[in-house]
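Me: I'm new to looking at protein models. Could you walk me through how the helices pack in this one?

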Amino acid sequence: MCAVVSGQAAGSRRQRPNDPGRRTKIARAAIDVVAERGIDGLTHRAVAAAAGVPLGSTTYHFRTLDDLLEVALSQAAEDNVRRLREWERSVPPDADFAAALAELVMRYVRDEGPHTVVEYDLYVAAMHRPRLRPVSAAWDDALIELFGSRTDPLTGRLLAGLFCGLLMQLAIADGTPSTSDIEALFRRAIAGPAC
């Protein structure tokens, strides 16, 4: 007869409570750590503290710092694409697209500034870590697709480059240009040079 310890057979492992959201919680915490400390401040210990999970959980789910960077970039890109698609659905088909894009840029800079900086930190990390590049390309592809659906594929690519460039410039600029200045840039990109 087997001995029973705390209602379990001896030698059996005690089951831990299942936390299916823990991986996502850690991914979001990695984004928060990058927002607060930058890429250089990303450690398993810092992410575990931010997520409120044991250190072993972060190293179990993400063995290396590159694994943590990859999940943070993936989560940031996924969140960004979701918000971008929601924005696109909210813009009426007959809307002034240049004005809508200018408002979107201003929202990213004004209301989501820290999040925008994190995304660019992670985007720059992909330049030095090839395995992160496909994830960062997903954001670019979504921009091109959505902007191209309102214009044409080539203009969509141009608008995506302008959009990303403006966000990066505005993230580090001392002052913010007016919405009308931003709108003029998008209007030129959509309509081409004035004749």
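Me: Is the crossing of α8 and α9 left-handed or right-handed?
Reply: This is a predicted model, where local features need pLDDT of at least 70, side-chain atom pairs count only at pLDDT 80 or more, and totals for chains, interfaces and linings use all residues. Residues are numbered from 1 along each chain as its sequence is written, and side-chain values use heavy atoms, leaving out hydrogens and water. Helices here are DSSP runs (H or I, at least four residues), numbered from the N terminus. A crossing is left-handed if the near helix is turned anticlockwise from the far one by less than a right angle, and right-handed if clockwise; the one between α8 and α9 is right-handed.

Me: Thanks! How are α8 and α9 oriented to each other, roughly parallel or roughly antiparallel?
Reply: Their axes (lines fitted to C-alpha atoms over the stretch in contact, with angles from 0 to 180 degrees between N-to-C directions) come within 10 Å and cross at roughly 160°. Angles under 35 degrees count as roughly parallel, over 145 as roughly antiparallel, 65 to 115 as roughly perpendicular and the rest as oblique. So α8 and α9 are roughly antiparallel.

Me: How many nonpolar residues does the contact of α8 with α9 have?
Reply: Contact means heavy atoms within 4.5 Å. From α8, residues including Leu159 and Phe163 meet residues of α9, among them Ile182 and Phe186. Ala, Val, Leu, Ile, Met, Phe, Trp, Tyr, Cys and Pro count as nonpolar, Asp, Glu, Lys and Arg as charged, and the others, Gly among them, as polar. By class there are no charged residues, one polar residue, and the nonpolar ones number 11.

Me: And which word describes how α5 and α9 lie to each other?
Reply: Helix α5 covers residues 97–110 and helix α9 residues 179–191. Their axes come within 8 Å and cross at roughly 135°. The two helices are therefore oblique.

Me: Is Leu69 buried or exposed?
Reply: Leu69 lies in helix α4. Buried means under 20% relative accessible area, exposed over 50%, partly exposed in between (1.4 Å probe, protein chains only). Because its relative accessible area is 3%, Leu69 is buried.
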